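Try each task before reading its solution.

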Amino acid sequence: MFIIQVLDNISPQGLSLFHPDIYQLGLNPVDPDVILVRSHKLHDHPFSKSLKAVARAGTGTDNIPVEVLTQMGIPVFYAPGANANAVKELVMAAMIMGYRHLDDTRSFITELSKEDNQLFNREIETKKKKFIGHEISGKTLGVIGLGNIGVKVANAGLALGMKVLGFDTNMTLTNALALMPGVEKVMEMNELLAHADIITLHIPLNAATTHLINEENITLVKPHTLLLNFSREQIVSEAAILQQLNNQQIMGYITDFPTINLAGHPNVLSFPHLGASTQEAEQSAAEMVIRNICNYLEHGIIEYSVNFPNISLSATQVPNCYRILVINKNAPGAMGKITQNISKLKYNIEQMENKSRGAIAVNLIDISGPKESLTQLCEQLKHIPSLMDVRLVSNAHKK
């Protein structure tokens, strides 16, 4: 029985993928095998020695101490792309809201006197001119970050008649193939900043991207530019934004990360972290990450981990075959010591897969031999200096 600690509200459809005969779910279990979160911060969380994986039912992992867990030999799973459509739809809606002043018009209507219908309608006709907006068709959209979300936003902008500029120095082949041919890729971010009418950010937060938009480069944007941030709060310097807004150098700032200083500004439209807040996105992210958890715990297969390599091994046709998962530091000689210990106990290696990523190496090894010596084998492997974890994950024989 695997123990799953669930620290946030996770889609029930996703949680239903945990078979009750194999998994036990709880908020405060003792020594969980997996910690499953959405927004819960784990940087000060005490991790037990029995922990085998941490998973986030979402895209970003800045609420998880990935480096600490890597040093412990624990993979961190996530769900890239699961919320991409939800964020794309909110971004497109936000663009139109900003260009048509829809938030201001709603406040205007709400605050009108409702005592006299004729007066009510007269005020609407008299004052609606101050809410004249713009059409996004024909405008230049600049998309910084062409990942799962950025590509969808760029393609949607193109479909709505916009000229689209895209910037990404680390674009994957999959996303490059998904990008519509009409999107123009630029090699310098400053070129995009200088030419776009609407700029939208879709990049992960790390040391290199903190305050990517700052006091220096924000002066490059054209007057009356609309800036959108649906990535992370710290991608944009708040001081830089406020300065440009107060100097009326940009049209407005739309963000999914409200702060006290921004929330009261008349040219800021804030949402309460709504990017992935759709039933469809929450279900998709939960299902994706929970399938990966189950594959890892039951079969040793790793997919969509931020710190471990992808690895898989098909079932073998050999009877009385067992699969062990070995995680070790990516150091010379480790594999030789592992196979030596397997041979000493008279096991035969039927098939194996070895993958590494940075300081971590992962081995899936199917062995045939006496079942009664499996525990002894795992204990012996644990004495290898570079080894971080070893466990029997399944009977590898295909029934």
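**Exercise 1.** Describe how helix H3 and helix H4 pack.

Step 1. H3 spans residues 84-100 and H4 spans residues 102-111. Helices here are DSSP runs (H or I, at least four residues) and strands are runs of E, at least two, numbered from the N terminus.

Step 2. The axes of H3 and H4 are 6 Å apart, at an angle of about 60 degrees. The two helices are therefore oblique to each other (under 35 degrees is roughly parallel, over 145 roughly antiparallel, 65 to 115 roughly perpendicular, the rest oblique).

Step 3. H3 brings Ile 96, Met 97 and Arg 100 to the contact, and H4 brings Leu 102, Asp 103 and Thr 105 (contact means heavy atoms within 4.5 Å).

This is a predicted model: local features need pLDDT of at least 70, side-chain atom pairs count only at pLDDT 80 or more, and totals for chains, interfaces and linings use all residues. Residues are numbered from 1 along each chain as its sequence is written, and side-chain values use heavy atoms, with hydrogens and water left out.

**Exercise 2.** Find the buried face of helix H13 (residues 374-381).

Step 1. Leu 374, Leu 377, Cys 378 and Leu 381 are buried (under 20% relative accessible area; exposed is over 50%, partly exposed in between; 1.4 Å probe, protein chains only).

Step 2. Down the axis of H13, these residues fall within an arc of 95 degrees, so they line one face.

Step 3. Their cover includes strand S13, helix H12, strand S15 and strand S16.

**Exercise 3.** Is Thr 200 buried or exposed?

Step 1. Thr 200 lies in strand S9 (residues 198-201).

Step 2. Its relative accessible area is 0%, so Thr 200 is buried.

Step 3. Beyond four places in sequence, its contacts include Val 91, Met 95 and Leu 228.

Key:
Axes are lines fitted to C-alpha atoms, for helices over the stretch in contact, and angles run from 0 to 180 degrees between N-to-C directions. The arc is that of the directions from the helix axis to the C-beta atoms.
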